[in-house]
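Subject: Structure handover

Hello,

Here is the structure you are taking over. Please open it first, then read the notes below.

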Amino acid sequence: MIGFATRRIVQAMIVMLVVALLAFTMFRFVGDPINQMVGIETSIEEREALRERLGLNDPVPVQFFRFVTKAAQFDFGTSYQFRQPVSELFAKRIPATLELSFASAVFALVVGIPMGIYAGLNRESPVSKLFLSVSLIGISLPTFFIGILLIFLFSVTLQWLPSFGRGETVQIGSWWTTGFLTISGLKALILPSITLGLYQMTLIMRLIRAEMLEVIRTDYIKFARARGLPDRLVNFRHALKNTLVPVITITGLQLGAIIAFATITETVFQWPGMGLMFLQAVQNVDIPIMSAYLLLTAFLFVTINFIVDILYFFIDPRLRVGRP
Amino acid sequence: ETLKFAFQGALNALDPYSLNETFTLSSLGNTYEGLTRRGPDLAIEPALAESWEIVDPNRWRFHLRKGVKFHNGSDFTAEDVAFSVDRVRSEGSDLTTRVPADAKVEIVDDYTVDFVLTGPNPILHYEWDTFYIMDKEWTTENDAVKVTSASDTSANHAALNANGTGPFKIVSHEAGVKTVYEKYDGWWDEAKHNIDTVEFTPIGSDATRVAALLSGEMDMVYPIPVQDIKRINDNAGTKALTGPELRTIFLGMDQMRDELLYSDVKGKNPLKDARVRKAFYQAIDIEGIKKKVMRDLSNPSALMVSPLLFSKSADFERYPYDPEAAKALLAEAGYADGFSIGMDCPNDRYVNDEAICQAVAAMLARIGVKVNLNAQPKAKYFAKILASGGYDTSFYLLGWTPGSFDSWNVLDNLMNCRDESGKGSPFNNGGFCDEKIDQLTDEILVEIDPEKRDAMIAEAFRISHENAYYLPLHQQSLAWGVSDKLDLVQRADNQFQFRFVTKN
Amino acid sequence: MARALDSDLFHSFLKSKVTVVAATGTAILFLLAFLAPWIAPHDPFDLASISIMDARVPPVWMEYADPRFLLGTDDQGRDMLSGIFYGMRISLIVGFCSVVVAAFIGISLGLVAGYMGGRVDAIIMRIADVQLTFPAILIALLIDGVAHGIFGAIDREVFAFYILIVSLALSFWVQYARTVRGSTMVEKNKEYVQAARVIGIPSVIIMVRHILPNVTGPVLVIATINLALAIVTEATLSFLGVGMPPTQPSLGTLIAIGNDFLYSGEWWIAIFPGLALALLVLNVNLLGDWLRDALNPKLR
Amino acid sequence: MSVLDIKDLRVEFPGRKSVFVAVDDVTLSVDAGKVLGVVGESGAGKSTVGNAVIGLLQEPGHIAGGEVYLHGKRIDQLPYKEKRRLRGRKIGMIFQDPLTSLDPLQTVESQLVETIRTHLPLSGSQARQRAIELIEAVGIPDAPERIKQYPHQFSGGMRQRVVIALALCAEPELVIADEPTTALDVSIQAQILELMRKLCRERNVAMLVITHDMGVIADITDHVAVMYHGELVEYGETTQVLGAPEHPYTQSLISAVPRPDIKVERFPVVNYIEKAGTPQKQIDIATHWLGKARDYEKVSGPLVKATDLDMRFETRGSIFPSKRKYFQAVKKVSFDINEGETFGLVGESGSGKSTIARLITGLYQPTGGSILFGKTELTSLKNRKDVLAMRRQMQMIFQDPYSSLNARMRVSDIIAEPIKFHRLASSNAEVRQIVDDLLDHVGLGAAAGRKFPHEFSGGQRQRISIARALATRPRFLICDEPTSALDVSIQAQILNLLKDLQEELGLTMLFISHDLAVIRQMCNRIGVMRHGELCEVADCDQLFEAPQHPYTRELLNLMPSLELLSRANLATA
Ligand SMILES: Nc1ncnc2c1ncn2[C@@H]1O[C@H](COP(=O)(O)OP(=O)(O)OP(=O)(O)O)[C@@H](O)[C@H]1O
Ligand SMILES: Nc1ncnc2c1ncn2[C@@H]1O[C@H](COP(=O)(O)OP(=O)(O)OP(=O)(O)O)[C@@H](O)[C@H]1O
Ligand SMILES: [Mg+2]
Ligand SMILES: [Mg+2]
């Protein structure tokens, strides 16, 4: 277990280093950062001085090393747009994104898993066919369109739910703000998390169904039935648990995707998270924010993957660590 | 009462000299004040200066208001004015032109300040409603004397906090997320508004912004897309406020390079030929754009300045829309088969900017000119077409509001010759050069007689019109979405000032 | 042919009514898209033929309609129906190209990783991990940004297409690589591969001739689903401003444009392309679903 | 009254074009304490009978006629719930594959306890107590400890015991065992059979054992039913059916079982099977392509000489050499094979037989030792041309006829591939001619070339494999359990074919099997392997008559006694 964990951590660190290299390359080569920073009137000498001050004249490996050591201390430089340290900006935005991602992941799982099980167990039933077809809407329309349609329906027409923002938030500790503790915060979460989670829900549901279909045809399920075990036990204790192993992998990957897709949902719902900030940064060529975002999402992704691998230890006694 | 409003962009910097941009200045205008301010009709009014006089042509005397206190409690005095003048002209300020570089400030007494100029300047104070006075002590104490400029890697106190004399103080500010204002009880003027708290949220997506108004979550949002005006008016409880804006939207063309950067014509620059420019002009169906793209919310313009700002506007008329004539002109210039040209266009800056460009592209296609449209977000767009990007464009769409509300500003910024680095008229992106206009510009600056001045301005505009140096399109309209509960003033400069708001 | 018609696959196809409908739907939509230049009433890409005065005409059954425009026109006066045909064509081409590129990269790397194993496998799979941390949207935004940075101003009309394909392909290849790698690891231990090795056939030929045909089943399924996904992702990218340019609108660009007119009563500008996209994706997905089940021997 | 009575059972699988009748008119009964064996070729409907009794026919299969009685009570028409209550409680079922019959994510204990508590009114701790007793009863030591483990921590044999314990845990009156030992090694098979016999006796349960292994039938059954194409062709006491079979199918089936006691020239072929393969076309080897260019260099000593072969696999990799773990699959093995002879390798599963085959063919690089082929040292071949030349002289036939052919290639392409690859023919027409001849030669007919492998049965596929192996005109043929996946009847055909080919072409063969009887019929000399070591090498007759090594003796003892069969054979032979 410990050996396995350390191996995974080493691999995760390599992945992070490569991402850091990409982020750094972008930093260096996507336009001259100096051009982004100074005004029209700045003279050549001043530009050169600034270059020197920012260390842009050092050899590239030195710069990369500096970039990585700084990034490891959560120092990503200063945003060109806001002229504030990127890490501070992110610290304020991360809770919003994580809460949104969490809510939509919960939505996707809570709705997707039971529907998937039902559709897997009752392959031919009209209800499961209905589930399957209706859920396809989740992947047939682009997220932004679904978001806007939801706003149109629930905010503008019915006026049930807010159309933008996080509602009221409560400060917890020094930097975490949460919308989970207020009514308006919870109401504000509903539309964005459905918008964001719909795609993942569809995916999880279809995945569980497909796995379930395979698992219930295996010998051990047949044998469990032959032993006269009640259906409830066979379906949930034996079949579902075996279904979960591949599902967890994909769900883990999907969580990473949720965080990335949050950019669009955040734009549509003006959700003050890091995705929104990232998109604004892209439009304003604010490279420090862009590269920090890359590193952060990669970090979250790698962490989630690590947790998923550890979860296998608890679910699958055979330690199926080899990836499919 | 609480006022909640949304704008499409974010309020990034709180330093009043960091960014010369309408929304930033408008927002900070609720917190800071200048020596002058403008009323609902944009007339200049006394603000921190109770009155002023021109002692001799080169010396202006300002009598400051007494008993004014900054939000932090310190007194407003002549020291603060002198300090602000120094600061606004210091390195890093984006508003250095507010006060001429060679002007001197002399403190006569605590409440009197003299500005000593090197030559006469009748419009010295025209832009001072957005030259905000800062508190010397507060700024010095907080180590924020230096303006947080674009090249700074960290923001100082003044960029993250505000301390003005205005009717509202900023109690919390999270750039890009939310800014909260509170009524300032110690304001020197009598409050005509009834607002206690103002919450500002940037909402980038048009649809979401409009939805927030329609659903009653917002009291006021701006700008609203012209197409949603009807819906907002039809909706119970909301209305759209529209009005003429001072900004003129126009098309510019590269007339400086010998070969266009983006065109299939090689070895020569077709846009240097006035006939080609006129052909473009006459190919544009401005009424069509007005009716279909702008939904009648625009005033087609023959001039590069709003008729509200220039008395002789009525003397000018657009060249008629006439594709046949345009084709003939092109043929005459030797481009009977047309040519292709790259066009740059912002897609989030002006009202329906990208749609206008598309419509123009389609219209030019009818006379055989193939336009390759490159529409981008404003940050990338400006980085490309302005001096900082090396004027990397052949054909572009831009809008201009003269900050001083005076035509000279247009001539000075848009129509004088410039060199490659932008010396001269920095925003003359096309780089055309007409000595006559340059000469007139210099003369207009120092001319005090309004009659003569206007005649000279008209002459300059006539030259531009005849040569089709620019293709003016229209003045766009302001469009604000407002809750019926709100009573407010929509100023033609698109500034939203809370002191004009009452909510019931 | 007769054998194909008599095959189990074909019969399982005929048995599933939904699939037959989906297949017919897909075929019709594909035909409409690829025959667009011949059957569309107007050419929306020909700027000279559109007039701003025709903008925002409602569909024929509504008031103020114009009989020339069956489904109305958009904000520039382009015929919606023709726009949808052409847009679908572009969406499909982008989808197809990206799927083909992704499948090519993914299958090659997956085969090599699975067959070689060991260090090669570890390296390729770690690259895949890095790739997975960047979903399509991020990649497209980054590539778009990098392209702007490197080439200065780029010509959207020319480059948008390639940027889209590269970014979509880059974000999809991992799935193919993982699937192919998994199947390859199973296949390479099968005795037919050993038989080929005993004959003396070199690894590359074994991979291409023997293993590849045996691992393409799942690839086909991923490809159909990815085609749908690519079309939707392209739509999302259009919304973010890095999709196809508005002068050559894809379905996604049309929706993104129409988005601005949802509240103003000109619903047809967004809803019709939205419906077309939903229909297309739905049909392709339903086909992919059926294929997934039908090709899975464990479910027979 | 019998425990189980089946009357006129008919099971149908409605297909796309027609209804497939898997079981037709089968009437059987089993008494308490007795074992009924069901035999028959693959696909005869044996499993279907078992599944029909317990009510687990796979959709769309259903009982289309007949009745099933348990203790005189009709059970085939019971509603789903009541049928489910019978399962486990009254009827226990044991499936063929112990590796896949247990839920990999649940401990053995939890699977036992849940089954016990489903059927018996016991508390949790009582159930656990009973589970431990059961596990002890099936002969797994350390029951209280082992029971807490997961299935993957058990060996195959132990898992099969757990499956048996699970089937018995609610004390059913009838146990249906569907090929309970097919997946197991001979030694474990013997133990499991012994266990079942004991259960039958001690607990007085009725048992229905489904198998195609005549040895198992002879060993433990009291009655036997022979099925052919869904029908019952013969049914009676075991001694009587085996000793004096009446139906021609039974007769030919029994005659095809290889006998360990006497060596025969050719196997009697099951002639009852209508499509037993077209008779081979005899070709004149001397003039034929196959015979041409067999001008291999003559060798003086043995053709293949393995000396001190060693093979170890890394089972756990690590960057630190000290942390790596190895498994020694082959230890210091030496043997020679002479030109023209058949050398047999026997031994239990996992003893390293296949590994040796792969070492010789070069699929693995040995970690030690040398292999001489003629005068060439195989382990140090570097030059690609030499390697190819060696590859041409050596071919291999694999165990699994289903996975040894590429499903996506036409049969003709499969066979042509080595010919084209080694450039053994000058034109495409010649290649086609050779392929057709080879297909004729293995008895498939040239028309088979246009088909795909899945259109053939297991036995036919094995013939295709053989044709492919012959296509390079090899000198040395390795057969790695070429028939262990096949029925006895088809096995007989394949073995006959191999024998014929060897005679005609003068091939040298390495024949690997775990079936002693088959080895005896095929080989001149035999090596016995265990745990990677070669225990004994001896001439065939000597090994069977006077085994030297204790392990060889143990192996010979474990062979199911075929006394009954032998008598029958003598009668027909
Ligand atoms: N689910 C099914 N659908 C269609 N046909 C089936 C199904 N299950 C079995 N069959 C057919 O029924 C026949 C009898 O199958 P069964 O499994 O009983 O054979 P068996 O005698 O047990 O063979 P083996 O020794 O290979 O296990 C076979 O021909 C088989 O193809
Ligand atoms: N590639 C490999 N890596 C690790 N271990 C291996 C490998 N190949 C074989 N082994 C191990 O070597 C041992 C011998 O395997 P081999 O296949 O030679 O046995 P066998 O005698 O042919 O058995 P069977 O009768 O089951 O085919 C087994 O324990 C097997 O697990
Ligand atoms: Mg069977
Ligand atoms: Mg083996």
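Helix 1 of chain D gives the most to the shell around ligand 1, with three residues. Please keep in mind that this is a predicted model. Two elements of chain D each supply at least two residues of that shell: strand 2 (19-30) and helix 1 (46-54). The shell around ligand 1 counts 13 residues, and the nearest are D:Ser42, D:Gly43, D:Lys46, D:Ser47 and D:Thr48. By class, four residues of this shell are nonpolar, six are polar and three are charged.

Now the contacts of ligand 1. A polar side-chain atom of D:Ser47 sits 2.5 Å from an oxygen atom of ligand 1. For D:Ala44, a polar backbone atom is 3.2 Å from a ligand 1 oxygen atom. D:Glu179 brings a polar side-chain atom to 3.3 Å from an oxygen atom of ligand 1. On its own, ligand 1 has 630 Å² of accessible area, and the protein covers 65% of that.

Next, ligand 2. Around ligand 2 there are 13 residues, with D:Ser349, D:Gly350, D:Lys353, D:Ser354 and D:Thr355 coming nearest. A polar side-chain atom of D:Thr355 is 2.4 Å from an oxygen atom of ligand 2. For D:Ser354, a side-chain N or O atom lies 2.5 Å from a ligand 2 oxygen atom. D:Lys353 uses its backbone: an N or O atom there is 2.9 Å from an oxygen atom of ligand 2. Taken alone, ligand 2 exposes 640 Å², of which the protein buries 66%. Strand 12 (325-337) and helix 11 (353-361) of chain D are the elements that give two or more residues to the shell. Helix 11 of chain D has the largest share, three residues. The classes in the shell around ligand 2 are four nonpolar, six polar and three charged residues.

One more residue in chain D. D:Ile192 is part of helix 7 (residues 186-203) of chain D. D:Ile192 counts as buried because its relative accessibility is 0%. D:Ile192 and D:Met522 are 330 residues apart in sequence, and their C-alpha atoms are 29 Å apart in space.

On chain A, an unreviewed UniProt entry places "domain: ABC transmembrane type-1" at residues 94-312. Over residues 94-312, chain A is 79% helix and 3% strand. The end C-alpha atoms of that stretch are 28 Å apart.

Last, confidence in chain B. The mean pLDDT of chain B is 88, and 99% of its residues score at least 70. Within chain B, helix 7 (residues 274-283) is highest at 93, and helix 11 (residues 378-385) is lowest at a mean of 77.

Best wishes

Methods:
Residues are numbered from 1 along each chain as its sequence is written. Chains are lettered from A and ligands numbered from 1 in the order in which they are written. This is a predicted model: local features need pLDDT of at least 70, side-chain atom pairs count only at pLDDT 80 or more; totals for chains, interfaces and linings use all residues. Side-chain values use heavy atoms; hydrogens and water are left out. pLDDT is the predictor's confidence in each residue, from 0 to 100. Helices (H or I, at least four residues) and strands (E, at least two) are DSSP runs, numbered from the N terminus. A residue is near a molecule or strand if one of its heavy atoms lies within 4 Å of it. A polar contact is a pair of N or O atoms within 3.5 Å; within protein, one must be able to donate a hydrogen and the other to accept it, and residues adjacent in sequence count only if both atoms are side-chain atoms. Accessible areas come from the Shrake-Rupley method with a 1.4 Å probe; for residues, only the protein chains shown count as cover. Ala, Val, Leu, Ile, Met, Phe, Trp, Tyr, Cys and Pro count as nonpolar, Asp, Glu, Lys and Arg as charged, and the others, Gly among them, as polar. UniProt positions are given in the numbering used here, feature names are shortened, and annotations may be inferred rather than shown by experiment. Buried means under 20% relative accessible area, exposed over 50%, partly exposed in between (1.4 Å probe, protein chains only).
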